[in-house]
Amino acid sequence: MEPLPSLGARAPEAGDRAARDLALALLAGDREAAAQAVRDIEALDAARAARGEAATGLLPWALDARNALIEERPRWRSAQAELLNRGDLPPALRRRMEADVASDPLSLADARLREARLRRWGGALNLLSRALGMGLANPTVLPVHTAEALLQLGLREHLADDLSTGERQALAHWKRFVEENPEAGQAADLLERLEAGQQRWLENESARSLRRARRALRAGDAARAAAHAERALRYAPDSQRARGLLAEARRAQARRAAALRRSLTAAPAAAQAGADSAGTGTTAAVQADAERAGRARPAESGAAESAAPAQVEAAEAALLSALLLPDGDIESAARALLQEAPRGPRADEARFALALAAAERGDESARWRLLRGLARQNPGRSNMARHAAALVNSAASNPYRAFRVAHRADQADRMRWLLFGPLAGGARDRDLPRPVEWLAETPTLLAVALGLPIRLLRFPFLRGGRRAPAVMARRYLEQHPNGERAGELRAWLLEHEEARGNYVGALQLAEAGGLRNQAERAALRERAAGQALEASLRERRRNVRMQLLAEVARSFAGSVGGRQAGRALRKEIAEATPQRIRVSRAFLLENPSVAGPQGLALRPGLLDGDPQNGELHPEGLRFLGGRIMELAFLGPSGRAKDEPVRKRERIGEERLARAVAQLEEVSLHALRSDPDALPEHDAGRDLYFERARLGAVQRPDLRPGAHSSYSYLSARERHGAVRARDSILPVELVLQGSFDDFALGAFPRIRLPRKTPDAALYE
């Protein structure tokens, strides 16, 4: 490093006094004084130019400051537009002034309208051009492509909003102009357009809400349909269609509410009243249940008919006691009740109790066999049919059945994709009657037929699909780790996790069930260790990364990944520093002020490209916290790919403060002048820099949350070798192929404008 330069006191010059006068005029809002200060700066630059000296560079900023005192926004934008014709504007100032000129509401509204028209008509021409280009290579499919393009145009017009996104943006810009310039001449003309546009917007929002309400009703979601219908009425209070949809949705809600109330009712009121008036205890309740069941069970015959009530009552009491007592013999009591009255009013309760007993002793087959039998009965005649059906159909209580249903659905999805391709999910929803939607898919039939060979080739390699089968399988294993289906589901899950690359999860299943031999388990363990190591190294927070590496080293001890995790953990401990803020060599070359005398004041030889006098490695340097800085130099080989030689230096407070100030300055300048630069937030970096500027880094902040590993990279390192730029040509040539119908073609396509960043607010 070189000594820091000292800045001596300097007497103010004429340019300094002119800048002071301009600042005072701006603070006071004095236009005449500001204009005089600008004239003084112009005269000063003219005098310096006559002497062959460089200009002060103050004039562009002074002119921009003078324009800031113009109160009328249109005049201010016109003045800024005139300044853009100057060739001496700094990049940051030019970019801001371009944004000022582009912020004109009328210009923005016209631009959004042009873009909306270009998207509509350009998109239509692109569809037709694609159909012709794809059909010329294969004339047999030209009529199909043409018909499909025309059909897509019609459907797009049908589904398009009455007021496009660009028109809604233009409407907002017109409103802004009228609010900012109510006395302008254009405001009166815009009021009529605003009124018409506002009415179209209300009609458009009402139509969108109606479409959503219809879709919700078709999906069976009455609550959502009612909400959209109410919203449509807020936009169009006189809409009869919205009122009809709202009434239909509320009727559906009422039917659902009635079904819910019925499901919570224990017994009809009439039956309960009859039981109370009988006053014979359990026998009266039995008679009431028999009446509710429609007397479906015939009474016992002969002598048993008179003796049955007492015996049945005793058996029912025994079953009730067994169910309530912690050590009750439920199975014996239930079988006794069934023996006394196999078709009695409480026979279903006895069978349900047998299913409970089977579940307690772990006999899953008997449990679900009994419950399925009960669930198949008529709920109006059986006391326990609804309860049994709820248990059988519940994914929480019967995860194995849910797994089989989800697995069959997944296989059915795959087969539908194989057979029908794009039509696997049926005709797409186009807000049309269903037969018309299927008719609109007629051109797709060719792609379905011609794409079958390609789908046959891809079918064995399909991955993904539904996640529900794996979720249900894991739920079953959590509930029944030693259940009857545990081995089957564990083997399926093991294969599933390996297929999707989750070796850690597959190893847990293999070790839990012992489904693999020793060699296969060892190979799986190695793959799982490598996967866990990669996941640990991807963690950005150092404290969490160290914990993960320690866990990998412990859990996979003896494996290659476990040993690598241990070495990585030791390296993390040895190299742990409060900060690791990196500044690459390319960034220093791109921003010489950081490495120059006003910043770190590095020796020029470190960045001159000559390895003989010492050269920085591409890694550059790092701030390690406190006042410690680590510099990476080229190794003895002089090759950038080799490991660098690192050296740590303790720098002074002033040098550190200057470097931090320069880093923040060049970052702010990049944000103001480079359109590709984006703000990047890092709280740990900002906290360290603030402390460095104040000289409060003698005691490093060792909290994990205060650590930062931010990197300052050059534009080439950040964006790649070449940053992509938009073409100035309005048309591009596209070469496109299709595996569905084996078509290949080239066609011109109009370059459509990109959506503005705020377009999502108007869609």
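How many salt bridges does a search of the whole structure find? The search finds 55, a salt bridge being a side-chain nitrogen of Lys or Arg within 4 Å of a carboxyl oxygen of Asp or Glu.

1. Basis. This is a predicted model, in which local features need pLDDT of at least 70 and side-chain atom pairs count only at pLDDT 80 or more, while totals for chains, interfaces and linings use all residues. Residues are numbered from 1 along each chain as its sequence is written, and side-chain values use heavy atoms, leaving out hydrogens and water.

2. Five strands form an open, mixed sheet in the order 4-3-2-1-5. Its edges are strand 4 (645-650) and strand 5 (711-712), each pairing on one side only. Strands here are DSSP E runs of at least two residues, and helices are H or I runs of at least four, both numbered from the N terminus. Two strands pair if DSSP finds at least two bridges between them.

3. Strands 1 and 2. Strand 1 (residues 581-583) and strand 2 (residues 616-623) run antiparallel and are joined by three bridges. Arg582 stands opposite Arg622 of strand 2.

4. Helices on the sheet. Helix 32 (residues 683-694) packs on the sheet and touches strand 1, strand 2 and strand 5. Its direction makes about 80 degrees with that of strand 1. Helix 31 (residues 653-673) lies across strand 1, strand 2 and strand 5. Helix 31 runs at about 110 degrees to strand 2. Contact means heavy atoms within 4.5 Å. Axes are lines fitted to C-alpha atoms, for helices over the stretch in contact; angles run from 0 to 180 degrees between N-to-C directions.

5. Arg693 forms a salt bridge with Glu664, the closest N and O atoms being 2.7 Å apart. The pair links distant parts of the chain: Arg693 belongs to helix 32 and Glu664 to helix 31, 29 residues apart. Arg693 is partly exposed at 40% relative accessible area, and Glu664 is partly exposed at 31%. Buried means under 20% relative accessible area, exposed over 50%, and partly exposed in between (1.4 Å probe, protein chains only).

6. Other charged pairs. Arg120 and Glu157 form a salt bridge, with their closest N and O atoms 3.2 Å apart. Arg120 sits in helix 6 (residues 105-137) and Glu157 in helix 7 (residues 142-159), 37 residues apart. Arg75 forms a salt bridge with Glu72, again with a closest N and O separation of 3.2 Å. Glu619, Arg622, Glu630, Glu643, Arg646 and Arg648 are linked in a network of salt bridges.

7. Helix 5. The buried residues of helix 5 are Ala92, Leu93, Met97 and Asp100. They cover an arc of only 125 degrees around the axis, which puts them on the same side of helix 5. The arc is that of the directions from the helix axis to the C-beta atoms. These buried residues pack against helix 3 (59-67), helix 4 (73-83) and helix 31. The length checks out too: at 1.5 Å a residue, the 12 residues of helix 5 (residues 91-102) should span 16 Å, and the end C-alpha atoms are 16 Å apart. The expected span is 1.5 Å times one less than the number of residues.

8. Gly561. Gly561 lies in helix 28 (residues 560-575) and is buried, with a relative accessible area of 5%. Not counting residues up to four places away in sequence, Gly561 touches Glu526, Ala529, Leu533 and Val552.
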